[in-house]
Each structure stands twice: as C-alpha cells, then as structure tokens.
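I opened this notebook to record what I looked up in the structure. The entries follow the order in which I worked.

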Amino acid sequence: MSLSEQLSTPSTAPAGGQGPADPKAGRRQGYLIVAGTVVAAVLMVLAAQSDLPREAVGGILLVLMLGLMALNVPVGVAMGLTGVIGVLSLAGERPTIGLLAEGPFAAATNFSLTVIPMFVFMGLILWRSGVTADLYTAAKHWLSWLPGGLAITTNLAGAGLGAASGSTIGITYALGRIGIPEMLKAGYDKRLATGAVMSSGTIGQLIPPSILLVLFAGFAEVPVGPQLMAGIVPGIVLTLMYIVIVVGTVSLKPHWAPRDTSKTQLDWGVVWKDSAKCWPIPVIAFMIIGGMMSGWFTATEAGAVGAMTALVFALFRLGPREALRSGLTALKDTVASVGGILFVMIGATMLNRFLALSGTAQLFSDAVIAAGLPMLGLVAVLTVFYLVLGMFMDPIAMMLLTVPILLPAATAAGISPVWFGVFVVLMGEIAILSPPVGMLAFITHKITRTREVNLGHDITLMDVFKGALLFVPGALAVVFIMALFPELATWLPGLTSSQ
C-alpha cells in the first residue's frame, strides 16, 4: 500500500486488511458512504443552527465528524466538510466563502511542507534501487550471531531505512517480504518474526526523514529542522528497546529463535562487499542530519540533496535506462502521495479554522490547566486517548485532528511543542501497531498470505496480534522514558538552534 493509497482510503483499517470481496459489495459500500455523508451533513447543519453555545456546537460537530470516518468517508473529506459547515453556521456565508477560496491555497503553499516530496521521492528511488535487500543482507552478516539475531537485524534494518525513507508502511512491506521468510527458514517462531517486522516499521517516522514530523512542524508552526532533529534520540532509544525485547524473549524461550551452531568460517570479503553496497544509507543520513545540525542546509535543501544522491545511486546501480524508468515511476508515485497528503492538509486547515472559531480548543486547554495534572499524568491520559483514537484513524489523521486541540493544552502545561511533536508521532506509530485494529497488523497478515513469504506456515491474524503485543509494551515504555527525561527529544534541537 502506497502512501497515497493510505491517505485516499477510509480512515479505519478494513477487516483482515482486505477490500470488498465482489463488485456488488463495493457498490453497497459506496452507497453507504454517500448516504452516511448526506445524513451526517444534515445532522451537522441542524446541530450548528441550534441555540447551543459555540463550544457545544464544536463538540457535536467533532463527534459527527468521527461518525463520518466510521462510515469510511475519506479523512480529508470528513475534516473539510465539518470545518466548512461549522464556519458557515457560526460565522455566516462571507467567512465561509473566504475559507473555501483561501483555505486550500494556504494549506498547500506552506513552505515547510516543500521537504515532503523530496523525502518521498528519495525513499521511492532507494527502494526501487534494491537498497532494502542490501541493507538487510549486510545487517544479517554483522548481527546473526546474537540471540534472535535475525529479528535484531530486522529492527536495525528498519532503523537504517528510516534514515532514508519516512514511510512506515513502505518499511513494513519491504522488510516483511525479506525478513519473515528468512526468520521462518531459520526456525524462528512466527510470532517473533511478524512482531519484529511490524516494530521495525514504527522506527521510520522518528529518525529523519520523517513525513509525520514535517507535517507536525508545518501544522504547529514549529521550525522543521529542529523538529526533525528531535526524533533522532527517541528513535535510537526505541530501537535499543526493541533489541532488549528480542534478546529477553529469546533468552526466556530459546526455541523461538534457534541458534546457528554451524562452525562455518565467516567470509570477511563477502561481508565487506555486501556492506559496501549500502553506502547510500549512511551518506544520505549524514548529509540530512549533519547538514541540518551544522546549519549547512535547511530541511528542504537537505531533502533535495538526499533525493539527488539517491538518483545518482540509482544511475550507477541500475544503468541509465532502468534508472530513468524507475525515476519516472517514483516521480508519478510521489505526485500521488503528496497530493494525498495535501488533500488531508486542506481538510485539516478548514477544520482548524472552525475549531478556533468555536473555542473548543481553548475550552479543552482551560480544562487541562484547571485539572492541574503534572506532565507525567497528562502524558498518561493522552497515551490512553491516542491508543483509543488509533482504533479508528491512521497516524496522519490522528495528528491533524488532535494537534489544534491538544497542543495549546500541552504548552500550557509546560510541555515543549518540539517534544509534543515527537510524542504525537510515536503514539500514532504505536496505535497502528496495537491490536485489535492496528493497521500494521493487518498489512503484515496480508503479506504473510503468500507462500513465498510464509513458506507453508499457517500464520493467522491472532499470531500477528501476539507478535505485535511483544513490542507494544516496550514502545509505551519509551513514551514514559521521554516524559521522565524530556531532554531525549529537546537536546539535539537545542544544539541545532544554537548553530
């Protein structure tokens, strides 16, 4: 599933990761979406035309918007429709016409978002150049001697790909097709194999380049460079936590990951040759992270340099003709993906205007301040909130819906906006990993349905859920480590801003 498909499809994860079984079912689903949209729109208008306070109208329309999403209405449409009807009811026709005329342009021309097409294009080029398989092979050479070495290899490969591509689903797809059969062939338990693949995908949105962190920066009006830097240390801590989980699990259950007892001599020539094929990953990571930290590049310039480096790599790796073909395909997919992102951003901008007009965000912020929760207590409440919300929405929708409401409350409680951005992104990743409706679980289960991946093993959806539950507690532990030590997210941005 590409990023554009993720954004243009409904916000809820389809059961079993499958679409309608036949055209008639698809038409029935389409009729249901249209009918639900019309009914919800009518209810929105009726609620907005009542004599209720503005804050109450805001709350009602938000609930109805969630109802639209539950009916499989695309996220951008649900947000935009709610925003337009809300502004119409509270401010009248002229402000609504102004919103429709200026809102899409303002959302699509936010300069901080210009880095997104660079990151998307770079990741697609590297994937089509075969760097995913190279990275996994190299990591396996160096780490297979550890307990659960192939699972650890998968996690570190996910971290490495996170430094080249900000797509969680893309990383899960790539490593799932490579890592799951490798682990099953080595006798690994299917729960550990699938769990290692899913958890590796969640690392990608913390280590730059991260599309979600860029979106947060643009929407919350935070500088993009420091926001990207904020995800590096938490991403490393999350990777180490996953490694600890793998080693601990294999120590308690050695039969889940049998050790290779063969005495074959390691061919260092092959090791170095395979490792050298991965040169684009460290080079691109150094240019993006080092360039932004040193002040050589802005975030957009770093993305452009990374994309150019990926093109050069594809040219040498694939040859001119194949590189041109792959580049054009990646360019087409980039346009589709960025178009999907901007569509959601336009809907979120309209919704944000309505929330500001209704006073709902300020009301919530005042309630949080009045509660007097310490930072750890507020983080605990928001963690539960995001886990529940993740049952219905994907990470982008979760972030764009909640940031206008929760960011003022978080800053009022003394939480750094940069820290909050990392928290929101990490919670979005944990939510799509967590059963019973985590999107990554359904995607991974779908990957395992082919014989070339499952190698004849019967991998059920429950097996995938159990694999995810191995890693979710560790990811939640990282959230609370961040709450106890906020410097994990704010230290590097502080260095960047001092340059």
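**Entry 1: helix 22**

I began with burial and listed the buried residues of helix 22 as M439, L440, A441, F442, I443, T444, H445 and I447. Buried here means under 20% relative accessible area, exposed over 50% and partly exposed in between, with a 1.4 Å probe and protein chains only. Helices are DSSP runs of H or I with at least four residues, strands are runs of E with at least two, and both are numbered from the N terminus. Eight of the nine residues of helix 22 (residues 439–447) are buried, so I noted this helix as largely enclosed by the rest of the structure.

**Entry 2: basis and overall counts**

I noted that this is a predicted model, in which local features need pLDDT of at least 70 and side-chain atom pairs count only at pLDDT 80 or more, while totals for chains, interfaces and linings use all residues. Residues are numbered from 1 along each chain as its sequence is written, and side-chain values use heavy atoms, with hydrogens and water left out.

I counted 25 helices and zero strands in the protein. Of its 499 residues, 54% are buried.

**Entry 3: helix 21 with helix 24**

I then examined helix 21 (residues 417–433) against helix 24 (residues 461–484): they pack at about 170°, with their axes 10 Å apart. Axes are lines fitted to C-alpha atoms, for helices over the stretch in contact, and angles run from 0 to 180 degrees between N-to-C directions. The two helices are therefore roughly antiparallel, the term for angles over 145 degrees.

From helix 21, residues including W419, F423 and M427 meet residues of helix 24, among them A468, V472 and M482. By class, this contact of helix 21 with helix 24 has 15 nonpolar, no polar and no charged residues. Ala, Val, Leu, Ile, Met, Phe, Trp, Tyr, Cys and Pro count as nonpolar, Asp, Glu, Lys and Arg as charged, and the others, Gly among them, as polar.

**Entry 4: the core**

Which residues touch the most other members of the largest nonpolar core? I found M79, I116, L215, F420 and F423, in a core of 157 residues. Helix 21 gives the largest share of this core, 13 residues. A nonpolar core is a set of buried Ala, Val, Leu, Ile, Met, Phe, Trp, Tyr and Cys residues joined through side-chain atoms within 4.5 Å.

Leaving aside neighbours within four places in sequence, I recorded contacts of M79 with residues including M65, V344 and L401; contact means heavy atoms within 4.5 Å.

Definitions and conventions
Parallel < 35°, antiparallel > 145°, perpendicular 65-115°, else oblique.
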